[in-house]
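Subject: Structure for your files

Hello,

Here is the structure I promised to pass on. My notes on what turned up in it follow below.

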Amino acid sequence: MTDRYEGKPFLRLLDCYIMDAIGHLDPAQDAQLTALEPKFREVFGAVGDWRQIVEHRMDFAEGMQDAVRQVWEAGTARFIAEQGHDPDPAEFTRIFVDSKFPH
């Protein structure tokens with residue numbers, strides 16, 4: 001199995017953005033991303049924090065994190081009703097990103 005992020009450094013950042021939007025980004029990961037913001041600004045030629053860099057690069061409309069969170073919340077209720085357990089946030093993120101933002 002190949003590494004999902006091999007040759008796609010921005011994909012990891014996008015996945016973290018989605019995990020953050022649904023409230024499942026590990027605080028340690030958030031701290032690491034915050035510490036890397038100067039590097040992200042340099043590499044991606046953008047300004048702002050790491051979330052704003054993702055939003056700018058992806059040309060997201062204002063409120064994107066809220067929209068993603070609404071999809072997660074609606075899907076979670078449906079998933080629990082159908083499967084009887086909570087969905088996996090990482091799997092949701094992978095499917096959401098892969099289906100909405102082909103890479």
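Arg-4 is partly exposed, with a relative accessible area of 22%. In this predicted model, Arg-4 forms a salt bridge with Asp-98, and their closest N and O atoms are 2.9 Å apart. Arg-4 sits in the segment before α1 (9-21) and Asp-98 in helix α6 (residues 89-100), so the pair ties together parts 94 residues apart in sequence. Asp-98 is likewise partly exposed, at 28% relative accessible area.

Asp-98 also meets Arg-94 in a salt bridge, at 3.5 Å from N to O. Arg-94 and Asp-98 are four residues apart in helix α6, which puts about one helical turn between them. The relative accessible area of Arg-94 is 33%, which is partly exposed. A network of salt bridges links Arg-4, Asp-15, Glu-91, Arg-94 and Asp-98.

Another salt bridge joins Asp-20 and Arg-51, with the closest N and O atoms 2.7 Å apart. Asp-20 belongs to helix α1 and Arg-51 to helix α4 (residues 50-58), so this pair connects parts 31 residues apart in sequence. Both Asp-20 and Arg-51 are buried. The salt bridge count is eight.

As for the overall fold, the protein has six helices and zero strands. Buried residues make up 35% of the 103. There are 11 positive and 19 negative side chains, and the centres of the two sets lie 4 Å apart.

Regards

Definitions and conventions
Residues are numbered from 1 along each chain as its sequence is written. This is a predicted model: local features need pLDDT of at least 70, side-chain atom pairs count only at pLDDT 80 or more; totals for chains, interfaces and linings use all residues. Side-chain values use heavy atoms; hydrogens and water are left out. Helices (H or I, at least four residues) and strands (E, at least two) are DSSP runs, numbered from the N terminus. Buried means under 20% relative accessible area, exposed over 50%, partly exposed in between (1.4 Å probe, protein chains only). Lys and Arg count as positive and Asp and Glu as negative; His and the chain ends are not counted. The place of a charge is taken as NZ of Lys, CZ of Arg, CG of Asp or CD of Glu. A salt bridge is a side-chain nitrogen of Lys or Arg within 4 Å of a carboxyl oxygen of Asp or Glu.
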